[in-house]
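Thanks for asking me to look over this model. My notes follow as numbered points, with the places I would look at on screen.

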Amino acid sequence: MPKTWWRGAAIYQVYLRSFADGNGDGFGDLAGARARLPYLAELGANAVWLNPWYPSPMADGGYDVADYRDIEPVFGTLAEAEKFIEEAHGLDIRVIIDVVPNHGSDQMAWFVEALAAGPGSPARERFWFRPGRGEKPPNDWQSIFGGPAWTQVPDGEWYLHLFAPEQPDFNWNNADVIEDFHDVLRFWFDRGVDGIRIDSAALLIKDPDAEPDGQDPYTDRDGVHEIYRDWRRVADEYDERILIGEVWLPDQERFARYLRADEMHTAFNFDFLGSPWSPAELRASIERTLATHVPLGAPATWVLSNHDVARPVTRYGRADTSWSNDDRRDGTATDLELGRRRARAAALLAMALPGSVYVYQGEELGLPEVDDIPDELRQDPMWNRSGHTVPGRDGCRVPLPWSGSAPPYGFSTGEPWLPQPAAWKELTTEAQETDPGSMLALYRAGLRIRAECLGDGSLTWLDLGDGVLAFTRESGLTCVVNLGPAPVALPPDREVLLTSGPVDVDGLPADTAAWLR
Ligand code: GLC
């Protein structure tokens with residue numbers, strides 16, 4: 001196995017609740033996921049990233065962790081998690097888990113203890129408890145999910161939660177917090193986990209009492225890097241274990257700081273994920289990405305979707321194809337045919353770029369965002385916290401369709417926790433497996449070629465005109481993406497390895513990508 005497996009890996013994101021249900025309760029689980037590991041191997045995944053699998057009241061889909069050293073009973077047991085890791089390794093698939101260090105659950109032992117121990121106690125020091133300003137919270141910070149970032153407890157104090165009230169923020173100045181997370185990392189590394197995805201990684205250091213000091217009061221404060229230097233030392237006690245940051249920052253120079261040699265190995269590329277379907281903007285994003293990563297020796301990552309953002313097939317079919325925090329899943333008119341064409345081309349682009357690539361479950365099936373989940377079934381805290389103005393992220397979390405012609409499409413034998421659309425009978429893995437023109441066939445072929453001639457490295461741009469992104473990789477593979485309105489002629493004397501759509505005598509049609517050699 002190569003020393004640096006992660007530099008060029010294809011990483012498949014498993015949102016466990018919605019992947020595959022092994023026991024018929026309507027929620028995906030480890031038994032279901034273990035049974036589908038061969039599917040991931042066949043697809044060409046080099047690693048899986050699992051969203052949080054810990055015991056959780058599920059106030060935020062598991063990002064409210066009640067115990068960092070165990071498995072949510074709905075998902076299975078610790079012994080099953082160990083089996084999952086072992087079986088994945090047996091198929092040459094690495095396992096990345098999600099660690100949530102910014103906040104815990106209000107049901108975790110520490111928080112229960114803090115409530116009981118009362119004001120001024122050491123137990124409260126692990127969180128951010130403060131007296132209010134009269135009837136008002138300690139300051140005016142707003143929660144990222146909407147509403148105030150403080151909740152009052154019966155004895156009158158308030159505690160900070162940058163997300164939902166069920167997710168109290170940890171105090172990262174506290175030695176217990178620092179040491180306990182080192183222990184959590186070792187707990188999972190000892191069990192064979194290959195990588196840690198660090199949730200909300202830029203938010204850990206905050207100071208609600210501070211006078212304004214020119215820095216954001218809780219995003220990307222300078223002190224946060226000390227935490228990851230410590231974490232890197234822990235990861236380096238083991239062989240080939242990696243840290244991957246969820247770092248949403250518009251400023252690339254600030255983002256790059258997290259990738260310094262003694263901090264994280266990689267971080268999610270939200271700049272690329274957020275780019276609209278525009279040749280100039282995508283090229284600018286790719287160049288920005290390489291300009292920040294190359295000098296640090298850190299591989300770039302290429303991400304088109306995850307469990308927090310609208311599905312690409314839907315997003316690329318809208319008038320506004322950029323991603324932004326507020327305009328997701330609003331039911332705006334969508335041309336799904338156009339979106340699908342572009343999503344196919346985008347997939348070949350992302351897979352061809354130097355670095356690692358992420359595939360969020362269902363992306364390989366071309367699932368659209370489910371815009372019409374009945375309001376009473378919506379589970380994302382964003383929906384309630386926003387006063388029902390932001391639909392939230394449930395539309396990209398609907399359980400996968402595996403087989404058959406009606407829900408639950410082989411996902412479960414029971415009723416899925418979110419309803420699956422009738423139109424998904426055409427999008428099951430079973431239906432796509434035998435169709436050479438399917439999204440699944442494209443992802444399989446793309447990842448197969450990628451494993452041989454793409455991955456980490458560098459690129460050389462080719463000039464094929466304004467609306468076209470074209471570059472050649474070290475292996476000689478050329479990727480051409482036509483984002484302009486008219487067909488473009490492909491460079492002559494090259495063998496066409498793969499295209500995202502039909503190519504005709506006029507050349508490569510609009511919204512289509514080709515790989516040539
Ligand atoms: C991250 C997760 C998101 C979660 C939030 C709070 O952004 O990706 O799903 O709601 O952190 O933990």
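1. Let me begin with D92, which sits in the loop between helix 3 and strand 3 (94-99). This is a predicted model, and the phi of D92 is near 65°, a positive value in a residue other than glycine. Most residues other than glycine have a negative phi. Is D92 buried, exposed or partly exposed? With a relative accessible area of 44%, D92 is partly exposed, because that value falls between the 20% and 50% limits.

2. M58 deserves a look alongside it. Its phi is also given as near 65°, again a positive value in a residue that is not glycine. M58 belongs to the loop between strand 2 (47-50) and helix 3 (78-90). The relative accessibility of M58 is 22%, so M58 counts as partly exposed, the limit for a buried residue being under 20%.

3. P73 is in the loop between strand 2 and helix 3 as well. Here the relative accessible area is 63%, and P73 is therefore exposed, since exposed means over 50%. Where does the chain bring P73 in relation to W53? The two are 20 residues apart in sequence, and their C-alpha atoms are 9.2 Å apart in space.

4. Please check the peptide bond from P407 to P408, which is cis, with omega near 5°. Most peptide bonds are trans. P408 is part of the loop between helix 13 (381-385) and helix 14 (429-433).

5. Now to the ligand. Which residues are closest to the ligand? Among the 13 residues that surround the ligand, the closest are D60, H103, D199, E246 and D308. By residue class, the shell around the ligand divides into three nonpolar, three polar and seven charged residues.

6. For D308, a polar side-chain atom lies 2.5 Å from an oxygen atom of the ligand. For D199, the corresponding distance from a polar side-chain atom to an oxygen atom of the ligand is 2.9 Å. R393 also takes part: an N or O atom in its side chain is 2.9 Å from an oxygen atom of the ligand. How much of the ligand does the protein bury? Taken alone, the ligand exposes 310 Å², and the protein buries 95% of that.

7. H161 is another residue I would display. H161 lies in the loop between strand 6 (158-160) and helix 6 (175-190). Its relative accessible area is 0%, so H161 is buried. What does the side chain of H161 pair with? A polar contact of 2.7 Å joins it to the side chain of T151. Not counting residues up to four places away in sequence, H161 touches S143, P148, A149, W150, T151, Q167, P168, D169 and R385.

8. T321 is placed in the loop between helix 11 (312-315) and helix 12 (336-352). At 9% relative accessibility T321 counts as buried, because the limit is under 20%. A polar atom of the T321 side chain lies 2.9 Å from the backbone nitrogen of W277. Leaving aside neighbours within four places in sequence, T321 is in contact with S275, P276, W277, R315, Y316 and R342.

9. W323 is found in the loop between helix 11 and helix 12 too. The relative accessible area of W323 is 13%, so W323 is buried. How far apart are the C-alpha atoms of W323 and P276? They are separated by 7.1 Å, although the two residues are 47 residues apart along the chain.

10. Finally, the overall layout. The protein chain is divided into domain 1 (5-102 + 175-442), domain 2 (109-160) and domain 3 (456-516). The centres of domain 1 and domain 3, taken over C-alpha atoms, are 29 Å apart. How many residues of domain 1 are in contact with domain 3? There are 24 residues on the domain 1 side, in contact with 21 residues of domain 3.

How values were computed. Residues numbered from 1 in each chain as written. Predicted model: local features only at pLDDT ≥ 70, side-chain atom pairs only at ≥ 80, totals over all residues. Heavy atoms only, no water. Near = heavy atom within 4 Å. Polar contact = N/O pair within 3.5 Å; in protein donor to acceptor, adjacent residues only side chain to side chain. Areas by Shrake-Rupley, 256 points an atom, 1.4 Å probe, with all protein chains shown as cover. Nonpolar A, V, L, I, M, F, W, Y, C, P; charged D, E, K, R; others polar. Helix = DSSP H or I, 4+ residues; strand = E, 2+ residues; numbered from the N terminus. Buried < 20%, exposed > 50% of the residue type's maximum accessible area, 1.4 Å probe, protein only. Domains from an automatic or database assignment. Contact = heavy atoms within 4.5 Å.
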